[in-house]
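Hello,

Here is the structure I promised to pass on. Please have a look, and then read my notes below.

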Amino acid sequence: MRFLITAGPTREMLDPVRFLSNRSTGKMGYALAYAAVVAGHEVRLISGPVSLAAPAAVKVSDVVSAADVLNSVQDNLQWCDVLIMAAAVADWRPASVSAVKLKKSNMSGTLELERTPDILKSVAKYKGGRFFVGFAAETGDPLPEASRKLKEKGLDMIVANDVSQSDAGFAVDTNRVTVLFANGDYDNLPLMSKVEVAKMIVEKIENKMEK
Ligand code: PMT
């Protein structure tokens, strides 16, 4: 099957020097790309700014902002059978971007933000028979919010992780996830490497797509 995977953070520019971003390193998304390749699938990876190398077989599209991720997902959606949104896409960006470095003297100390496009919501109408997988990054019990996002974004599966844990979520090599399915089934996976988590996610997608 053809997997379209997003990974890494986005950067929302304030001026040519400064941006809003987050702690994503891309490890989870790149592990998913690796696991899908190892399982024999074609993979396209949409990657925010990270310091990782993708497997040679993977076609990588480098992006920076949430708007770039949306454009790249839209450009590749028709090609794919499976979309996995592992990227930590910003929900907010500066309402205005300065073409020159802002001077302290003309900054008020208050930053006006605006919403970024909700990518999964934007492409939901083009889902068709594709399998859509989201992630939910929460602090504390991730399940209520993950369940809400699963339904609200019209997903087939969502991977919930509590990013406040020191051994899960951003930057670490391990993750502790719960996989929730649209039919209400769920699977609590124990702490394991992100590569093992990725392999299990790919297997679960394969099993669901074969039915
Ligand atoms: O990259 P690592 O360092 O390995 O860290 C891994 C991770 C913590 C980034 C990863 O496991 C993870 O949780 N990724 C999703 C982070 C995120 O943005 O979660 P969210 O709950 O804020 O977003 C919910 C879903 O909507 C996600 O699939 C997200 O890609 C998507 N989204 C978010 C914002 C937006 N504007 N459009 C979207 O489609």
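How far from an oxygen atom of the ligand does a backbone N or O atom of A87 lie? The distance is 2.9 Å, which falls under the polar contact cut-off (a pair of N or O atoms within 3.5 Å). At L120, a polar backbone atom is 3.0 Å from a ligand oxygen, and for A171 the backbone N or O atom lies 2.8 Å from one. The protein covers 96% of the 770 Å² of accessible area that the ligand has on its own (Shrake-Rupley method, 1.4 Å probe).

A word on the basis: this is a predicted model, with local features needing pLDDT of at least 70, side-chain atom pairs counting only at pLDDT 80 or more, and totals for chains, interfaces and linings using all residues. Residues are numbered from 1 along each chain as its sequence is written, and side-chain values use heavy atoms, without hydrogens and water.

Now the surroundings. There are 31 residues around the ligand, and S24, T25, K149, N161 and K194 come nearest (near means a heavy atom within 4 Å). By type, the shell holds 16 nonpolar, 8 polar and 7 charged residues (Ala, Val, Leu, Ile, Met, Phe, Trp, Tyr, Cys and Pro count as nonpolar, Asp, Glu, Lys and Arg as charged, the others, Gly among them, as polar). Strand 9 gives the most to this shell, with 5 residues.

Overall, the protein chain has 5 helices and 14 strands (DSSP runs: H or I of at least four residues, E of at least two, numbered from the N terminus). Its C-alpha atoms fill a box of roughly 60 × 35 × 30 Å along the principal axes.

Best wishes

Technical notes:
Polar contact = N/O pair within 3.5 Å; in protein donor to acceptor, adjacent residues only side chain to side chain.
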